[in-house]
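Colleague: Could we go through this model together? I would like to understand how its parts are arranged.

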Amino acid sequence: REMTGVGFKDCKLAIDENNGNIEKSIEFLRKKGIAKASKKMSRTASEGLALVNEKNGEISIIEVNSETDFVAKNKDFISFCKEISDICFNSRGNLEKINEAKMKNKISVKDNLIDLIAKIGEKITLRRASFFAKKEGINFSYVHSSIEKNIGKIIAIVKLSDTEGSNKIGSKLAMHIAASNPLAIDKTGLKKDVIDKELEIIKAELLNSGKKPEMIEKISQGKLNKFISDNTLLNQEWIIDPKKKVKDILKEHQKNSKLSVKKFVRYKVG
C-alpha cells in the first residue's frame, strides 16, 4: 500500500493473484490502471546521506543508509560518513576495500559500523559507491540541496569528453541529471528488458482502457518512443531551456571536436 498508494482490497487481490510476489503485484496493479507511476511508487525505502569527494579531477561518491532521517542528522553519523567518504576516494569506490579499510581509530570500517549501530540503535549500511578516474574525460559533480559541502540526498556525477566547451556545460549537465533522472545516455544504453517490460505494461494499459487491438500497436509504439525520449539523457528536454534537447546543448558548446557524454551516475538516497 505504501509503495503504490492503492487501497487494501486491491493490494490483497494483486498479492493473491501473484502468489505474494511484490514486484509482479505492482505490475499487475499498473496494468489494471489502478496504480500509476506516481511519487508514492518512488518513495524511498530508507534514509541516510550521499557524499561526494573530489581531488585533482577525480571524484568518488558513496551512499550510507540509515533507517530514519533523524539519524541521518546525527553528528556521530555525519562524522562517520565524512571519514567513509575519504576512504571511498582512496579505495576508488570499491565497497569491499572500504569495509576492510582502517579508520582513524585503527579499527576497520566494518567493525566501526557495528559499534555505530550499537550506539545509535538503527541499522546502518554502506549501500553503494562509484569512482570517476581522471582518464578519458573531465568529471563534474552536483549536489542537490546540500546539507553541508559535498553532502546531500541527491548527487550526480558526469564525465564529458575532454574538449573545449566541457567546462562551460559540465556542472550544469550534472545538475540536469540530478533533476531529470535519466536511465541511460541514449537508447543503446537502455537494457532490453526495461524496454520490453515498459512496452508490455503500455499495451496492457491500453487493452484495459478499451482500445481496439488494431490501434494498440500504433499507440503503444508512440508511448514507448516517449518513454525512451523522457529517460535518455541526450533526448531529454534541457532543464534550463525546455525548448532544446540536451544533445542540442552539447552541439552548441562544442568547438573543434565533438562534445560527448562518456558516463554518469545519479544517487538518490534510498
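**Burial, core and charges**

Modeller: Cys 11 counts as buried because its relative accessibility is 10%; buried means under 20% relative accessible area, exposed over 50%, and partly exposed in between, with a 1.4 Å probe and protein chains only. Cys 11 belongs to helix 1, residues 8-17.

Colleague: What kind of model is this?

Modeller: It is a predicted model, in which local features need pLDDT of at least 70, side-chain atom pairs count only at pLDDT 80 or more, and totals for chains, interfaces and linings use all residues. Residues are numbered from 1 along each chain as its sequence is written, and side-chain values use heavy atoms, with hydrogens and water left out.

Colleague: How many helices and strands does the chain have?

Modeller: The chain has 10 helices and 9 strands. These are DSSP runs numbered from the N terminus: helices are H or I with at least four residues, and strands are E with at least two. Of the 270 residues, 44% count as buried.

Colleague: Which residues touch the most other members of the largest nonpolar core?

Modeller: They are Phe 77, Ile 84, Ile 98, Val 109 and Leu 126, in a core of 23 residues. Helix 4 gives the most to this core, with 7 residues. A nonpolar core is a set of buried Ala, Val, Leu, Ile, Met, Phe, Trp, Tyr and Cys residues joined through side-chain atoms within 4.5 Å.

Colleague: Changing topic, how many salt bridges are found in the whole structure?

Modeller: The search finds 14; a salt bridge is a side-chain nitrogen of Lys or Arg within 4 Å of a carboxyl oxygen of Asp or Glu. In one of them, the side chains of Glu 63 and Arg 127 meet at 3.3 Å, N to O. Glu 63 lies in strand 2 and Arg 127 in strand 3, so this pair ties together parts that are 64 residues apart in sequence.

Colleague: Are those two residues buried or partly exposed?

Modeller: Glu 63 is buried, with a relative accessible area of 0%, whereas Arg 127 is partly exposed at 38%.

Colleague: Where are Lys 82 and Glu 148?

Modeller: The side chains of Lys 82 and Glu 148 meet in a salt bridge at 2.7 Å, N to O. Lys 82 is in helix 4, and Glu 148 is in the loop between strand 4 (138-144) and strand 5 (151-152), 66 residues apart.

Colleague: Which residues are linked in a network of salt bridges?

Modeller: Glu 47, Asp 69, Lys 73 and Lys 153 are linked in such a network.
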